[in-house]
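Subject: Structure handover

Hello,

Here is the structure for your set-up. My notes follow below it.

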Amino acid sequence: MHPRLRVFPDYGEEGLREPINGVLGLSRDKPYYLADESRKAQSTRGPSYLHALKNAEIITEATVSFKIAPFGFESEIDFGPPKEDRIRKDGEMKWINVNDDFFWSASCLGFAIGTQSNGWQWGSIVDAEKTVSYGQVYSIFDTGSSSVIIPADYFESYLALIYEQMEGDEFEVASGYVLTKCYEDFPNLYFLFDGRWLALHPADYLVDVSESQDRSMCVLLLSPGSQSFIVLGLPAYMNYYTVHEDVNNRIGFAPHTTSDKDDLKRGKQPKRVLESLRPAPEFGMGAASLFIVLFIIVFFMTVWILLVYEISKKSDTFERPACFCLAGILVIAIFAMVMLYSVRPLVDDLINGEPEYARSTL
C-alpha cells in the first residue's frame, strides 16, 4: 500500500518546533558525512520521516521515489517500495551509491557538456579539502532545490564552457540567476557519479520567463553557490524516476514512462581539469615517497655494482670494462627515471590514501 499525502491549509503553527515553509524534509537518520568524528559521536538523528512511516508500519521499507515531469505536467512521489510501472518499458534502473550521510550525497567525479566525451574533472579549491579532492566534489541530491547549484569558484568558467558550444553568448548573472536569450542550441549537460553519467537536457534547465511566453527571455536553472559543494536540484531529477533506498545507501535513476531520456551511461573520470578561481597550492609529492624511491634506487645501484665486481673477478674473459660500465650507468639511469616518474606517484597514493567517497560498483 502506498500512502497518500494529505494537503490542508495552515492557519497557525502551534506546537511546532520549526515554522512551516512548504518543504517536506527527507533527510536520513545519519550524522553529517563531513562532520568531525567527535561531532558524529555526539549527534543523534531521527527517526527521519521515512523511518517514522516505516516504524508506524505505514510503509514496508524506508524508500522514497520521485517521478519528476516537465513543468505543467503531473509529477509523483511514492513512499515505500517503488512502482515498476512508472519506468518506461525499455528503461532500466541504474544505481549510484551514496555516502553514509545525513544528506543524500555522493561524489561528482566530473562533468561534460554537449557530449559525454567532452568532459572535465573539478580543480582544487583552497581550504576546501573536505569537499574537493582528487578531481571530485561532494554533492547533495535535493528535490527541495529548484536549480543545480555549482560552487562560485567554478561557476563563471562552467558557464563559459556552455556558451562555447553555442552560436549566441548573451547572458547576465544577476542576484544568483542567469538571464539569457532563449537560444535553440543549448547543449546537454552531464554529471558523473559512481561511473554513471546523469544527463540534463536543455528543457530541464532552461525556463522561459518572458511575460508573453514568447521566448524572448529565459533563465537557466544553474546557480552559483557560496559553499564548495554541488547541489543537484530538480533539473537533475527531470524526466527520471528516481528511487532513494536508505537501507542500501543508493539512488536509482531510470527514464519514466513519458521521458525521452536514455538510461544512465557508463563513464570514466575525465582527464582535463576545470581550474577554480582559488586553486589550492601544489605541494607536489611527499618526502616519504621520495625517501622510499631513493632507497630502492640506491639499493639497485649497490646490487648492480657488486654484481659487476663479482663478474669481473671470476671471469678471465671480461673485456672492455669501460663499455660495460657505461651500459651499467645507462641501466641504472633508466631504472631511476622509471622509479621517480612512474612508481613514486603510486607510492605517494599508497601513503596518503584516497578520500572515502561513495563505493563504486564498477
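In which strand is S223 found? S223 is in strand β15, residues 222-225. Helices (H or I, at least four residues) and strands (E, at least two) are DSSP runs, numbered from the N terminus.

First, the ground rules. This is a predicted model, in which local features need pLDDT of at least 70 and side-chain atom pairs count only at pLDDT 80 or more, while totals for chains, interfaces and linings use all residues. Residues are numbered from 1 along each chain as its sequence is written, and side-chain values use heavy atoms, with hydrogens and water left out.

**S223**
S223 counts as buried, at 12% relative accessibility. The cut-offs: buried is under 20% relative accessible area, exposed is over 50%, and partly exposed is in between (1.4 Å probe, protein chains only). Its side chain makes a polar contact with the side chain of S147, at 3.1 Å. A polar contact is a pair of N or O atoms within 3.5 Å; within protein, one must be able to donate a hydrogen and the other to accept it, and residues adjacent in sequence count only if both atoms are side-chain atoms. Setting aside neighbours within four places in sequence, S223 is in contact (heavy atoms within 4.5 Å) with S147, V148, I149, I150, F155 and G176.

**Whole chain**
The protein chain has 7 helices and 20 strands. Of its 362 residues, 42% are buried. Take the contacts with a separation of 6 or more: residues 24 or more positions apart account for 71% of them. The chain exposes about 21000 Å², with 56% supplied by carbon and sulfur atoms. Areas come from the Shrake-Rupley method with a 1.4 Å probe; for residues, only the protein chains shown count as cover.

**Aromatic rings**
Rings of Phe, Tyr and Trp (its six-membered ring) pair if their centres lie within 6.5 Å; planes under 30 degrees apart are stacked, over 60 edge-to-face, the rest tilted. By this rule there are 22 aromatic pairs. F102 and F103 are edge-to-face, because their ring centres are 5.0 Å apart and their planes stand at 80°. F102 is buried at 19%; F103 is partly exposed at 30%. Y158 and F191 are stacked, 6.3 Å centre to centre with 25° between the planes. Y158 lies in helix α3 (residues 152-164) and F191 in strand β11 (residues 189-193), so this pair ties together parts 33 residues apart in sequence. Both Y158 and F191 are buried. Ring pairs also link Y32, Y33, F102, F103, Y138 and F229 into a cluster.

Two arginines sit over rings. The charged end of R28 is over W104, 4.5 Å from the ring centre. That of R272 is over W120, at 4.0 Å. The rule: NZ of Lys or CZ of Arg within 6 Å of the ring centre and within 35 degrees of the ring normal.

**Cores**
A nonpolar core is a set of buried Ala, Val, Leu, Ile, Met, Phe, Trp, Tyr and Cys residues joined through side-chain atoms within 4.5 Å. The largest has 64 residues; W122, F141 and F191 touch the most other members. Helix α3 gives the most to this core, with 7 residues. Apart from it lies another core of 5 residues, among them I87, M93, V243 and A254.

**T257**
T257 lies in the loop between β18 (250-255) and β19 (265-266). It is partly exposed, at 37%. Residues up to four places away aside, T257 touches K67, D85, R86, I87 and R88.

Best wishes
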